[in-house]
Amino acid sequence: MSRPGPKIPPLSVTDAQRAVLEGWLRRRSTAQALAQRSRIVLECAEGHSIMEVSRRLRVTPDTVRTWRRRFLERGLDGLCDDPRPGVPRKITDADVERVIVKTLEERPKNATHWSTRSMAAATGMSQSTISRIWRAFALAPHRSQTFKLSTDPLFIDKVREVVGLYLDPPEKALVLCVDEKSQIQALDRSQPVLPMMPGVPERRSHDYVRAGTTTLFAALEVATGKVIGSLHRRHRAAEFKKFLTKLDREVPAGLQVHLILDNYATHKTPDIRKWLLAHPRFHLHFTPTSASWLNLVERWFAELTQKKLKRGVHRSVQALERDIRSWLADWNEHPRPFAWTKSADEILDKVAAYCRRISDSDHGPPPLHECGELFPFVPM
């Protein structure tokens, strides 16, 4: 006959201990291990056996015995992890706070921002310690970002007007996003471009020879993605008037034309106003000052730059213009519209939240990307 094992002492919890244990279970930030230990203790306090608690919570009996015993010996403190073995901590919380405050509120005498070496010299800590502290608190003094907020007094009205044209265009009308990409340079590399090879990317010299510049006037049709383009050597109101005449010639006569433009001076000269009075089907809608990201044609210019101009080699302006016309023709064979994805209210709410963060911040504004996408549209 087997001998019975030792009698297990009963486990009971006080009302205060029960409140703490149940609080650990409800709190979302509680570690999963601590929450499981709290469940074990509460189950045992209900009078359940070790095997029953093990089966209910799907843990091993040894786990139940361990935390039951730890609670009986040390109470709530017994459920926390024991200190890990190793060298005692040398950097105190006060040291960490001193580094953070110095990073955020002071500047070195001979520089515009701290480096790990300069901060280590100023605080008497090691460079690796400073690096660990900065990583833990997401501090990066070497990084800098730019931002631009529109100061247009009619910003809200213009955003609603432009976005309204994107999301709910008028009937029997054509919405065109119009802009100029000026000073497109015809660049030839000082040495021949070396082609790509297995394991070796394409290589080109960092310096170049400039052969001249040209300007592309473009009108992106919002509904279809088709682009009407015109190249000119100069960028004046006279060239813009010629481009408007081309639009009037190519857009069917029965359609009203809504043009979304920026606030460039060539769009508002007396000669342009006179032309618009003679062509009443054209309606101009201006984006807010410093808010060119509202114009969809800017996204199309980015496609042109990335896929054709950035790595292009042109020995003359004529060669550059031929390439642009060819790329434009290929695009119009299979045009892709850009779908606007944010309403005016969403954009204005993001900008308002960003402005509040700027006014509440003691250390400058947050990165602009945190207030939403600058280009709230995607290719179809």
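The chain folds into 13 helices and seven strands. The radius of gyration is 34 Å, well over the 21 Å that the globule rule gives for 380 residues, so the chain is more spread out than a compact globule. The structure is a predicted model. Along the principal axes, the C-alpha atoms fill a box of roughly 110 × 55 × 50 Å. Of the 380 residues, 38% are buried. Among contacts with a separation of 6 or more, 68% join residues 24 or more positions apart.

Five of the strands build an open sheet in the order E3-E2-E1-E4-E5. The pairing in this sheet is mixed. Strand E3 (227–232) and E5 are the edge strands, and each pairs on one side only. From one strand to the next, the twist averages 30°. Helix H9 (residues 237–250) packs on the sheet. The helix touches E1, strand E2 (208–221), E3, E4 and E5. The direction of H9 makes about 150° with that of E3. Within the sheet, strand E1 (residues 173–189) runs parallel to strand E4 (residues 256–261), and five bridges join the two. Cysteine 177 has isoleucine 260 of E4 as its bridge partner.

Aspartate 152 is 135 residues away along the chain, yet its C-alpha atom and that of threonine 287 are separated by 9.6 Å.

The buried residues of H2 are Leu34, Ala35, Arg37, Ser38, Ile40, Val41, Leu42, Glu43 and Cys44. In an α-helix, residues three or four places apart point the same way, because there are 3.6 residues a turn. The cover over the buried residues of H2 includes helix H1 (15–26), helix H3 (50–57) and helix H4 (61–74). Just after H2, glycine 47 adopts a positive phi of about 95°.

Salt bridges were searched for over the whole structure, and 18 were found. Two of them involve glutamate 202, as the following pairs show. Arginine 204 bridges to glutamate 202, with 3.9 Å between the closest N and O atoms. Arginine 311 meets glutamate 202 at 3.2 Å, N to O. The pair of arginine 311 and glutamate 202 links distant parts of the chain, 109 residues apart. Arginine 311 belongs to the loop between H11 and helix H12 (317–333), whereas glutamate 202 belongs to the loop between E1 and E2. Glutamate 202 is partly exposed, with a relative accessible area of 31%. Arginine 204 is partly exposed as well, at 35%. Arginine 311, at 52%, is exposed.

A further salt bridge joins glutamate 321 to arginine 233, at 2.9 Å from N to O. Glutamate 321 lies in helix H12 and arginine 233 in the loop between E3 and H9, so the pair ties together parts that are 88 residues apart in sequence. Glutamate 321 is buried, with a relative accessibility of 7%. Arginine 233 is partly exposed, at 45%. Elsewhere, salt bridges link Arg299, Glu303, Lys307 and Arg336 in a network.

Key:
Residues are numbered from 1 along each chain as its sequence is written. This is a predicted model: local features need pLDDT of at least 70, side-chain atom pairs count only at pLDDT 80 or more; totals for chains, interfaces and linings use all residues. Side-chain values use heavy atoms; hydrogens and water are left out. Two strands pair if DSSP finds at least two bridges between them. Helices (H or I, at least four residues) and strands (E, at least two) are DSSP runs, numbered from the N terminus. Axes are lines fitted to C-alpha atoms, for helices over the stretch in contact, and angles run from 0 to 180 degrees between N-to-C directions. Contact means heavy atoms within 4.5 Å. Buried means under 20% relative accessible area, exposed over 50%, partly exposed in between (1.4 Å probe, protein chains only). A salt bridge is a side-chain nitrogen of Lys or Arg within 4 Å of a carboxyl oxygen of Asp or Glu. The radius of gyration is taken over C-alpha atoms; the globule rule is 2.2 Å times the number of residues to the power 0.38.
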